[in-house]
Number of protein chains: 2
Amino acid sequence: MSDSVFLERGVSALKSDAIVHLGNFFGALKGSLDGQDLYARSNFLFIADRHYLVDFDADVDLKGRNHALVRDFIALGFDPQRTVIYRQSDIRELFTIMWLLNCHTPAKELLERKDFTGAVDPSLAQVLYPQLMAADVLGLRATQVYVGPDEADHVAYCREIAGFINGAAESLVLPPPRRRGPISENMIMGPGGARMSQTNRNIIPIFGDERAIHRCFQQIPVSKVRRREPINPDDDICFNLFELMATGDVAAELKTKYLEAEVDQDEARAFVEEQFFKFFSNAREQRKQKSMSEIDVEEILQSGQQRVRREMRNTISILEDMLYYNVGSKSSRAV
Amino acid sequence: MSDSVFLERGVSALKSDAIVHLGNFFGALKGSLDGQDLYARSNFLFIADRHYLVDFDADVDLKGRNHALVRDFIALGFDPQRTVIYRQSDIRELFTIMWLLNCHTPAKELLERKDFTGAVDPSLAQVLYPQLMAADVLGLRATQVYVGPDEADHVAYCREIAGFINGAAESLVLPPPRRRGPISENMIMGPGGARMSQTNRNIIPIFGDERAIHRCFQQIPVSKVRRREPINPDDDICFNLFELMATGDVAAELKTKYLEAEVDQDEARAFVEEQFFKFFSNAREQRKQKSMSEIDVEEILQSGQQRVRREMRNTISILEDMLYYNVGSKSSRAV
């Protein structure tokens with residue numbers, strides 16, 4: 001599943017402005033939820049407020065946003081006893097790790113790639129985004145990264161950086177991480193027909209208002225077919241979303257209905273909406289509980305911070321020993 | 001002398017592999033020594049071991065090298081009560097400051113300049129060297145940087161970065177630093193006739209062996225002139241070095257001798273060598289004292305570290321307040 005000698009350790013993240021939605025849930029968080037069961041206490045989930053601040057000045061309530069996200073995580077089933085939840089900006093060691101990685105990264109690996117930043121006149125921080133993500137992941141010595149297929153290149157980049165470090169050290173000091181898409185390798189499409197994302201303004205928010213969510217589902221395009229002709233389920237966004245939220249049996253049953261032309265446009269949308277409210281009923285219920293507002297989020301984040309900073313300090317020691325005591329050969333670095 | 005509202009604060013540095021020599025003394029350290037008298041406790045001098053490690057794997061005795069440099073500083077007259085002496089790698093806040101600067105630096109300011117790194121296949125750390133230097137300087141909110149004229153571009157770059165920060169904040173939060181060449185605006189030339197530097201292998205080491213130093217002076221080129229014709233003192237490396245180490249009267253006296261053709265090649269070299277041993281006699285004497293080896297260098301560095309980390313944390317607060325509470329306008333940043 002991942003490179004042998006290292007204990008499995010998974011990491012996922014959302015930016016401070018993220019709204020938990022069908023797309024990032026099945027693209028990233030669901031994998032992390034599985035990781036929580038598989039690798040308790042070796043599963044990490046953080047709020048990427050440093051990444052957020054690269055592109056945005058913070059509003060006054062950045063802290064409130066971060067706290068709300070932690071409550072979302074808990075309502076979705078994340079358990080701070082098994083998943084280390086933390087806030088990126090609490091990790092003071094992060095940029096030191098990034099620098100140590102910089103020392104072993106040929107500049108051209110990053111700078112000669114044009115695909116990483118779409119900004120017209122990017123800041124240095126925007127250009128260095130993949131390197132900070134590498135620090136996030138390699139600093140934890142994570143073996144698995146739960147992100148959607150749109151982030152596959154960034155995870156591949158993390159692997160490259162791990163390769164430079166291991167090459168310089170002439171031993172396997174950092175695990176080359178792999179991306180784990182939780183369920184589907186395909187992009188998750190949303191209302192309007194584009195990839196579901198906040199940028200595309202077509203998300204279906206898990207904790208959103210019932211009527212607003214209904215309107216979202218109504219905006220999912222369904223191919224218009226003649227009477228008694230079937231809608232192709234494989235090409236149907238509604239069916240694809242339904243499949244993510246249903247057991248194999250239930251999905252197979254609906255697929256049969258599709259193929260037998262028993263599903264029209266309105267029904268396609270109604271089935272997936274119904275399944276959505278079934279699948280997330282518990283999470284939506286939890287999120288509204290009074291107990292949710294009473295959770296001491298700062299305490300959770302402080303505890304996460306302590307654990308992560310300990311891990312990051314270990315990584316710094318590993319990298320500095322390598323630099324300071326010349327474990328690696330000089331020739332393997334760009335000098 | 002510098003931008004008004006800020007208290008004067010000076011900074012200088014040498015890399016861990018530096019050997020204190022005539023060139024870096026008069027190019028940088030002499031200015032810092034003057035700063036010690038002018039701005040006691042606001043004068044900073046550090047050993048740039050992070051910069052050193054960008055280009056070199058450390059030998060096992062990096063710590064010993066760093067300690068020896070601190071002893072050199074003290075022998076030269078630096079007083080830890082008035083000059084804050086510290087080791088760059090002790091400052092854990094440094095890379096966070098660098099990141100916060102990155103958020104406000106258009107990438108092209110650094111990446112489109114080809115003059116900053118001469119390396120063929122540079123590492124990211126090598127490319128980012130000027131940005132780390134900006135963190136060193138702006139993190140301290142230094143107003144003056146004591147470096148030689150060869151570093152003028154880097155100080156100009158620091159000023160630019162301060163400008164971006166101040167622009168984003170719409171107020172003067174970081175002083176734009178100025179370079180102060182202590183005495184001469186000219187490059188200091190050495191044996192063989194090239195700029196005196198370790199890279200050029202033509203330094204005259206202040207604490208070197210007497211006979212080795214004699215050989216260095218013997219290698220300074222002096223223009224061959226006919227009998228009874230004067231050597232031009234202004235073009236003469238020996239006289240230029242002599243001037244750095246002599247009072248105005250003494251230098252004027254020798255200049256007259258030059259102009260009256262009373263100085264031949266051998267004498268030119270002999271005069272400057274004699275002046276060297278006179279000028280540095282006290283420092284060289286101090287450096288050999290038993291008391292020097294008894295100095296608790298770590299204690300000095302720890303005390304320096306505490307002071308500098310306090311300053312850097314203040315700078316982080318200033319920069320984070322700016323980012324977090326939207327003091328600056330979004331439009332002034334490259335997004």
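Biologist: How many residues lining the largest cavity are nonpolar, how many polar and how many charged?

Modeller: Bear in mind that this is a predicted model: local features need pLDDT of at least 70, side-chain atom pairs need 80 or more, and totals for chains, interfaces and linings use all residues. Side-chain values use heavy atoms, leaving out hydrogens and water, with residues numbered from 1 along each chain and chains lettered from A. The lining (residues with an atom within 4 Å of a cavity point) includes Phe95(A), Trp99(A), Phe95(B) and Trp99(B). Counting Gly as polar and Asp, Glu, Lys and Arg as charged, it splits into eight nonpolar, two polar and no charged.

Biologist: Which helices each supply at least two residues of that lining?

Modeller: Met98 and Asn102 of both chains are among the lining residues. Taking helices as DSSP H or I runs of at least four residues, the suppliers are α4 (94–102) of chain A and α4 (94–102) of chain B.

Biologist: Which residues of α11(B) are buried?

Modeller: Looking at the face turned away from the buried side, you find Gly248(B), Asp249(B), Glu253(B) and Leu259(B) exposed (over 50% relative accessible area, 1.4 Å probe). The buried ones (under 20%) are Ala251(B), Leu254(B) and Tyr258(B).

Notes: On a 1 Å grid over the protein atoms alone, a cavity is a set of points where a 1.4 Å probe fits but cannot get out, and a pocket is an open set with protein on both sides within 12 Å along at least five of seven lines; lining residues have an atom within 4 Å of a point.
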